[in-house]
Amino acid sequence: MIIDDKAWHEIESWIIEMRRNIHRFPEMGLNTIRTRGIVEEALDYWGIPHSRPIANGVKAWLGPDQGNALLLRGDMDALPIMETTGLPFASEVAGCMHACGHDCHTAMLLGAARYLKTHEHELTRPVVFMFQPGEEGPGGALPMIEAGILESPTVTHAAMIHITDDLPSGVIGLKEGPAMGGCDDFTLTVLGKGGHGSAPHTGVDAIMVSVAIIQALQVLVSREQDPLDSCVISIGTIHGGYRENVIADRVDMTGTIRTLKPTTRAAVLSRVQEVVQHVATMYRATAELEVDTGYPPAAANVPWTRQVKSILAEQLGTGHVVNIAQPTLGVEDFAYVAERVPAAILNLGIVGDHFTTGLHSSALMVDERALKYGAAAFAALALNG
Ligand SMILES: [Zn+2]
Ligand SMILES: [Zn+2]
């Protein structure tokens with residue numbers, strides 16, 4: 001078993017050191033300049049070749065030049081959250097924190113690269129390491145794909161790890177098939193006609209029309225959508241009106257649409273457009289709907305995920321691999337990779353003794369004993385996949 005290799009003793013403490021270093025100085029979006037520097041410096045130190053397909057994204061590689069490559073993904077960006085853990089290595093950047101665990105992902109991928117460098121002669125296929133910025137937005141995976149990260153060598157399989165607060169430390173969960181949601185945010189403006197509140201017939205009440213539109217959108221979810229094929233439409237903000245006796249001529253809303261399947265996503269988007277326009281017309285108003293297309297749904301390739309599970313059970317121990325039955329409507333821009341090549345999504349448990357709260361929370365504490373298992377999982381896939 002790869003996990004029993006004594007080499008991990010040293011690599012584990014190095015991974016934790018790297019993770020804490022990245023954690024102290026988080027960076028957001030595509031501006032992962034320092035983090036990218038840490039990655040490149042480590043790769044240079046261990047003699048691993050690398051390039052920079054986009055400004056702050058790094059591609060590294062090991063193994064034969066030719067053949068079907070395996071891509072391993074780690075994301076590097078943080079969130080606009082003020083850390084409250086009080087840890088000695090807590091964020092020193094006000095209002096910015098690694099609350100989604102991308103510090104762990106980057107450190108684990110580096111740990112795997114370091115391990116694999118010493119086993120390079122055993123690699124039967126090329127391995128590509130993708131260190132990407134911008135996962136929390138505006139997206140770093142797609143620009144790196146457009147810059148050719150899936151080519152030369154040609155990537156035929158991919159895997160990513162995300163930490164999860166749903167599993168105990170060091171346990172890896174995998175979902176087969178549809179795994180994560182697609183996200184489309186929208187702004188919706190309803191335009192009516194102003195008037196006196198005592199004489200509503202002289203105007204077109206944008207507030208009343210908005211109420212009808214919101215109701216109709218929820219009916220779309222509850223009465224048209226297969227209940228076993230998830231879809232959520234949430235209106236997150238609504239603003240309109242001037243004072244108690246004025247008929248509002250305008251209402252502005254924003255919301256999000258989450259779906260699990262590409263076909264459902266397309267169908268729901270077109271029905272939302274229809275419903276909004278028809279309800280507005282029915283009540284003599286007009287509506288402007290602007291959809292900001294987000295990440296697509298992410299599906300884990302079933303045969304590849306099953307192969308990953310058996311490799312992990314063999315190399316980490318059966319107790320470290322579990323099935324995940326339910327998908328989530330959270331999003332992940334690795335979905336762009338999964339759209340193009342068979343992909344596996346590994347959810348690494350980080351819940352230990354000092355666990356406080358979950359991901360995207362200011363008090364998130366990661367049980368760092370999990371990190372060795374993530375790095376070993378990456379390495380095991382490269383050596384056995
Ligand atoms: Zn996140
Ligand atoms: Zn994340």
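How far apart do the C-alpha centres of domain 1 and domain 2 lie?

1. The C-alpha centres of domain 1 and domain 2 lie 39 Å apart. Domain 1 comprises 2-180 + 297-384 and domain 2 comprises 182-293, with bounds taken from an automatic or database domain assignment. Five residues from domain 1 and ten residues from domain 2 take part in the contact, where two residues are in contact if their C-beta atoms, placed from the backbone, lie within 7 Å.

2. The model is predicted: local features need pLDDT of at least 70, side-chain atom pairs count only at pLDDT 80 or more, and totals for chains, interfaces and linings use all residues. Residues are numbered from 1 along each chain as its sequence is written, while chains are lettered from A and ligands numbered from 1 in the order in which they are written.

3. The largest nonpolar core has 89 residues, of which Leu 72, Ala 377, Phe 378 and Ala 379 touch the most other members. Such a core is a set of buried Ala, Val, Leu, Ile, Met, Phe, Trp, Tyr and Cys residues joined through C-beta atoms within 7 Å; buried denotes 20 or more other C-beta atoms within 10 Å of the residue's own, with C-beta atoms placed from the backbone. Helix 9 (residues 371-384) gives the most to this core, eleven residues. Helices (H or I, at least four residues) and strands (E, at least two) are DSSP runs, numbered from the N terminus. Not counting residues up to four places away in sequence, Phe 378 touches Leu 72, Met 108, Leu 109, Ala 112 and Ile 161.

4. Leu 72 belongs to strand 3, where it points the same way as Leu 70 and Gly 74. Seven of the seven residues in strand 3 (residues 69-75) are buried. Strand 3 runs parallel to strand 5 (residues 155-168), joined by five bridges, and parallel to strand 4 (residues 127-132), joined by six. Leu 72 has Ala 159 of strand 5 as its bridge partner, and Arg 73 stands opposite Met 130 in strand 4.

5. An open sheet contains four antiparallel strands in the order 10-12-8-13; strands pair if DSSP finds at least two bridges between them. Strand 10 (231-240) and strand 13 (286-293) each have a single partner strand, so one side of each is left without a neighbour in the sheet.

6. Helix 5 (residues 206-224) packs on this sheet, its direction making about 170 degrees with that of strand 10. Helix 6 (residues 262-282) runs at about 160 degrees to strand 13. Axes are lines fitted to C-alpha atoms, for helices over the stretch in contact, and angles run from 0 to 180 degrees between N-to-C directions.

Conventions: A residue is buried if 20 or more other C-beta atoms lie within 10 Å of its own, exposed if 12 or fewer, and partly exposed in between; C-beta atoms are placed from the backbone.
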